[in-house]
Amino acid sequence: MKHYEVEILDAKTKDKLCFLDKVEPNATIGEIKSMFHKSHPQWYPARQSIRLDPKGKSLKDEDVLQHLPVGTTATFYFRDLGAQISWVTVFLTEYTGPLVIYLMFYFRVPFIYAPKYDFTTSKHWVVHLACMCHSFHYVKRLLETLFVHRFSHGTMPLRNIFKNCTYYWGFAAWMAYYINHPLYTPPSKLYGEQQIRLALILFLFCQIGNFSIHIALRNLRPPGSKTRKIPYPTKNPFTWIFLLVSCPNYTYELGSWLGFTLMTQCLPVAFFTLVGFIQMTVWAKGKHRSYLKEFRDYPPLRSPILPFIL
Amino acid sequence: MWLVIAVGLARAYVARGSYHGLYYSIEKPLKFFQTGALLEILHCAAGIVPSSVVLTGFQVMSRVFLTWAVTHSVREVQSEDSVLLFVAAWTVTEIIRYSFYTFSLLNHLPYLIKWARYTFFIALYPMGVTGELLTIYAALPYVQKTGLYSITLPNKYNFSFDYHSFLILVMISYIPLFPQLYFHMIRQRKKVLGHIEDYSKVE
């Protein structure tokens, strides 16, 4: 069997960083990364970007050496992606924050509101309902992170955790401050009850919908794999929205937060919903484009996030 | 491209004229041209002007904020010397900057303009910032007393905003932001003016 020689150069300085001889032709990039890690222990595989061209795209861990357009002496370029952190860790941290922070405001922990309100509870029943909904939402997200989601990438750059946590924790505090404020004004007496009832139905409907989509997406992918397939509606009616939308998990998420906004009638919640919607639309459009590029037979009727609109 | 030059020259000439006036005589041109500076962000985005969209956007937003949200909104500060201070700093800066862009677009940039653009800021930047901060500081008591642009609880949208605290936050934000912008300009200066020997051959 003919062995390959692999040399790894720094993409920026072109310095020779590593030379590996007697590499099996069927070795994968992932295995090469492990070998590289041995000679440079500070660069664990997750933070290595290996490419054929200094300015090219990163090769995938699954790519096999002999199937790449290289000679028997293969030259690869390396870029350091910076410190990495696992997706699971990021999700758990960014979701636990809002859960705990909201409850601190709900129980009116000292130093938030005037001292005479410490540890008092709101007299409006919608405030209790909102706390239950908000807490349920984040508990659901935490459980999904642990038991449902199958992530494509193991890690993301470390700085993302600071950015993400600032976003989630910051908004959670801002919303919770007003909803649990002693001077909070619930939806007005005239249609208030109906508004809250409608909002709750919308919220619950979309929570179930979002969960159904997460389960459907999980079932597309066998455990431990990173395969990508077109999602289709299943027996669960909540997944029938796949006929019209590529990323219905975002559609349902928007619906949940619209419900919460209506329930609490709180402007900061509306802002949070809007910002989240903008971000999810960006993600949905990207995902939709990837689907179109990867699958020739992708259903043409689908829109990224809002049926027929966006 | 001609529009850029025309706007640039017009701004520079009016700014030159307003340099000696009191607030009331410069008020309208100041508002018009600083607000018109919003166009600059588009110019950067379109690539007509070789500056960063983020930095320019930031600078334009802060100028528009000072012009409208502080000086225009709080009548009492309009007679303050601090206003004259930052308007003067902005004016001189803009005359130099627009001349720089205009000549660059015409591909005929005198070294003097380039040197002025990357040297005068050393004094003008701190001068402008001082004027801006003093003006915001002067506006504070009036904002607090009148509750300008502020919303209090309770209200049916469950939202509140305290413009007074917001202004204080803005002032504090100058502490991390100003040194970054200043040292960015200093680094640019070293890069641009560093090649003095090569440049004498070009001109």
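Author: With a relative accessible area of 16%, A:Glu7 is buried, since the cut-off for that class is under 20%. The model under discussion is a predicted one. The side chain of A:Glu7 forms a salt bridge with that of A:Lys16, at 3.6 Å from N to O. Side chains of opposite charge can pair when their charged atoms come close. Over all chains, the structure contains 7 salt bridges, and two further examples deserve attention.

One of these is the salt bridge between A:Arg141 and A:Glu253, with 2.6 Å from N to O. It connects distant parts of the chain, as A:Arg141 belongs to helix H3 of chain A and A:Glu253 to helix H6 (residues 248-264), 112 residues apart. Both partners, A:Arg141 and A:Glu253, are buried.

The other example is the salt bridge of A:Arg228 with A:Glu294, at 2.9 Å from N to O. A:Arg228 sits in the loop between H5 and H6 of chain A and A:Glu294 in helix H7, so the bridge ties together parts 66 residues apart in sequence. A:Arg228 is partly exposed, at 43% relative accessible area, and A:Glu294 is likewise partly exposed, at 38%.

Charge also gathers on the surface. A patch of positive charge is formed there by A:Lys57, A:Lys60, A:Lys285, A:Arg289 and A:Lys293. Of these residues, A:Lys57 occupies the loop between strand S3 (48-51) and strand S4 (73-80) of chain A, and its relative accessibility of 76% makes it exposed.

Most residues other than glycine have a negative phi, and most peptide bonds are trans. A:Arg108 lies in the loop between helix H2 (87-106) and helix H3 (125-147) of chain A, where it is buried at 5% relative accessibility. A:Phe308 also has a positive phi, of about 70°, although it is not a glycine. This phenylalanine is found in the segment after H7 of chain A and is exposed, with 61% relative accessible area.

B:Tyr157 lies in the loop between helix H7 (121-146) and helix H8 (163-193) of chain B and is partly exposed, at 47%. The loop between H7 and H8 of chain B also holds B:Pro154, which is joined to B:Leu153 by a cis peptide bond with omega of about -10°.

Finally, A:Ser212 is located in helix H5 (residues 192-219) of chain A. A:Ser212 is buried, at 7% relative accessible area. Leaving aside residues up to four places away in sequence, A:Ser212 touches A:Asn236, A:Phe238 and A:Thr239. From A:Ser212 to A:Lys226 the separation is 14 residues in sequence and 20 Å in space, C-alpha to C-alpha.

Key. Residues numbered from 1 in each chain as written. Chains lettered and ligands numbered in written order. Predicted model: local features only at pLDDT ≥ 70, side-chain atom pairs only at ≥ 80, totals over all residues. Heavy atoms only, no water. Helix = DSSP H or I, 4+ residues; strand = E, 2+ residues; numbered from the N terminus. Buried < 20%, exposed > 50% of the residue type's maximum accessible area, 1.4 Å probe, protein only. Contact = heavy atoms within 4.5 Å. Patch = residues over 30% accessible without salt bridge, like charges linked within 9 Å, V, L, I, M, F, W, Y side chains within 5 Å. Areas by Shrake-Rupley, 256 points an atom, 1.4 Å probe, with all protein chains shown as cover. Salt bridge = Lys/Arg side-chain N within 4 Å of Asp/Glu carboxyl O. Lys, Arg positive; Asp, Glu negative; His and termini not counted. Charge placed at Lys NZ, Arg CZ, Asp CG, Glu CD.
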